Amino acid sequence: MSLSWPWALLAVLAVPLLLTARWWLNRRRKRTAVTVSSIALIRAALPGRTAWRRRIPVYLFLAGLFALAGGVARPQASVTVPSNDTTILLAIDVSGSMCNTDIAPNRLAVAVDAAREFVEAQKGDTRIGLVAFSGIAGLLVAPTADKAPLLEAIENLKTGRGTAIGQAILTSIDAIAEINPEVAGTGVELPETPDGTPIDYQPDTIVVLTDGSNTTGVDPVTAAQQAAARRLRVYTIGFGTTDPQQMVCTPDQISGDSAFTGGSFGGGGFGGGGRGGGNREIDEEALTRVADLSGGRYFKAEDAEQLTDVLADLPREFGLTKRDVEISAWFLLLGALLVTAGVTLSLWWNRGPALRRPPTP
């Protein structure tokens with residue numbers, strides 16, 4: 001908890017001042033005491049109070065003053081609240097190994113279906129951007145709340161050679177930097193932060209879905225460090241089984257050497273994938289480290305259902321963000337209730353004999 005106006009805590013000095021005034025009045029009252037010969041008259045004049053009845057109103061009143069002083073200082077609590085301005089960069093691997101048929105009809109078709117369901121399920125002002133990567137990474141759709149261009153781009157994903165996971169992360173960072181002024185682009189030098197400083201993550205998040213390991217470009221761990229420095233979390237999904245099958249892609253899933261140019265996809269040499277054309281195994285160690293470095297998580301999906309479930313559950317992971325919320329109203333309300341209770345009890349328990357006893361007929 002933090003205070004917006006810490007100097008306002010000086011109002012707490014009112015409590016010792018009141019206690020001092022009370023002590024001074026009691027002392028003065030003792031000096032001006034009147035000698036009375038009859039103890040019975042004193043007992044009749046004083047209200048019937050026990051020690052705890054005398055103290056409770058005072059304690060309530062003082063506690064109320066402390067609470068009011070705390071409210072004046074405008075306390076703020078760091079609470080987890082739903083984020084209504086989240087930006088999600090969905091980076092999908094479209095390397096040749098996504099033609100693998102271990103997940104029918106092939107990995108790319110299943111990934112397209114899961115990504116489409118993910119986009120359609122988002123509500124509110126959540127913005128989604130789409131990055132596709134093979135040997136290079138490109139931003140297909142800038143972050144937007146309009147689902148139409150996203151769905152169209154997802155349906156038209158095509159395979160290419162190579163797997164540039166690190167470059168996909170950097171491209172996602174730059175896409176977020178375009179709409180979030182608090183996030184610096186990848187070309188900006190950032191000041192070093194002291195070790196042990198708590199990280200307040202941005203609501204924007206990067207999700208990387210891949211079925212292989214990095215074969216070209218920036219190392220994914222290096223890219224994850226760039227994301228962490230900008231307080232961006234990266235969630236990674238390893239998609240595929242440990243028993244790859246034949247690679248078969250339909251003509252509309254093939255686009256030559258990259259995911260962003262036309263042409264025919266020749267032969268059976270799929271970069272980042274095919275038998276003899278690259279490593280088809282998921283680099284789970286690297287993907288886990290990428291997630292851990294950036295404050296995200298790594299997920300494994302070995303079939304269509306698991307992939308759909310992972311994407312459906314992701315908003316629960318990053319749909320919340322910590323924000324400082326002012327709670328001074330609760331302090332003021334508590335203080336007012338305590339002061340009122342103290343004053344009320346004091347007046348009730350100190351009422352005179354005539355008020356305490358019902359009138360005689």
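Six strands form an open sheet of mixed pairing, in the order E5-E4-E3-E6-E7-E8, where two strands pair if DSSP finds at least two bridges between them. Its edges are strand E5 (137-144) and strand E8 (298-301), each of which pairs on one side only. This is a predicted model, in which local features need pLDDT of at least 70 and side-chain atom pairs count only at pLDDT 80 or more, while totals for chains, interfaces and linings use all residues. Residues are numbered from 1 along each chain as its sequence is written, and side-chain values use heavy atoms, with hydrogens and water left out.

Within the sheet, strand E6 (residues 205-210) and strand E7 (residues 233-239) pair in the parallel sense over 6 bridges, and the bridge partner of Leu209 in E7 is Ile237. Helix H6 packs on this sheet, touching strand E3 (87-93), strand E4 (127-133), E5, E6 and E7, contact meaning heavy atoms within 4.5 Å.

Helix H6 (residues 165-177) also packs with helix H7 (residues 220-229), at an angle of about 20 degrees and with the axes 7 Å apart. The two helices are therefore roughly parallel to each other, a term for angles under 35 degrees, whereas angles over 145 count as roughly antiparallel, 65 to 115 as roughly perpendicular and the rest as oblique. On the H6 side the contact is made by Ile165, Gly166, Ile169, Leu170 and Ile173, and on the H7 side by Pro220, Ala223, Gln226 and Ala227.

Elsewhere, Phe61 is found in helix H3 (residues 51-72). Phe61 and Ala341 are 280 residues apart in sequence, yet 7.6 Å apart in space, C-alpha to C-alpha.

Methods
Axes fitted to C-alpha atoms, helices over the stretch in contact; angles between N-to-C directions. Helix = DSSP H or I, 4+ residues; strand = E, 2+ residues; numbered from the N terminus.
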